[in-house]
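Colleague: Please show me the model, and I will ask how its terms are used.

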Amino acid sequence: MGQHSNVPAKFCALAWLHRFTNIGGQVQVCCSSEEFANDILDNQGSKINIRDGLSDEQILNSKFMQDLRAKLLDGEWPELCRRCAITEETGGISRRMYENQNHQARVPTLLASTHQSGELKTIS
């Protein structure tokens, strides 16, 4: 992505715009992080399942997702993002890079709608 100077180095649009639901109904961060503990947890620390009936807003603004976004905003690789980190460290194009390019026009709005804590002011 032709990063603008105000875009954090580890920013990943997927943490703002996406979730992955596997065949068992577990709601996860993305399919690229499947080999890691990537289940999105509710505010009580339990794995979220599609059967729980939570809205996208509840899932995207769960404490788990807020913490994930806060790490990305602080320029840290969350452990479940290791696949993208390794891909980039070895010179490849990661899913993070691809999705950031795809959503490039939305990035300023995503950043503006997010507190430093990772909480979303508005859901895009």
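Colleague: Why is Ser 32 called buried?

Modeller: The relative accessible area of Ser 32 is 11%, and buried means under 20%, exposed over 50% and partly exposed in between, with a 1.4 Å probe and protein chains only. Therefore Ser 32 counts as buried. This is a predicted model, where local features need pLDDT of at least 70, side-chain atom pairs count only at pLDDT 80 or more, and totals for chains, interfaces and linings use all residues. Residues are numbered from 1 along each chain as its sequence is written, and side-chain values use heavy atoms, with hydrogens and water left out.

Colleague: Which residues does Ser 32 touch, not counting those up to four places away in sequence?

Modeller: They are Arg 83 and Arg 95; contact means heavy atoms within 4.5 Å. Ser 32 itself sits in the loop between strand S2 (27-28) and helix H2 (56-60). Helices (H or I, at least four residues) and strands (E, at least two) are DSSP runs, numbered from the N terminus.

Colleague: What makes helix H3 largely enclosed by the rest of the structure?

Modeller: Of the 11 residues in H3 (residues 63-73), 8 are buried, so the helix is largely enclosed. Among them are Phe 64, Met 65 and Leu 68. The buried residues of H3 pack against helix H1 (14-17), H2 and helix H6 (107-112).

Colleague: What follows H3?

Modeller: Gly 75 does, with a positive phi near 80°.
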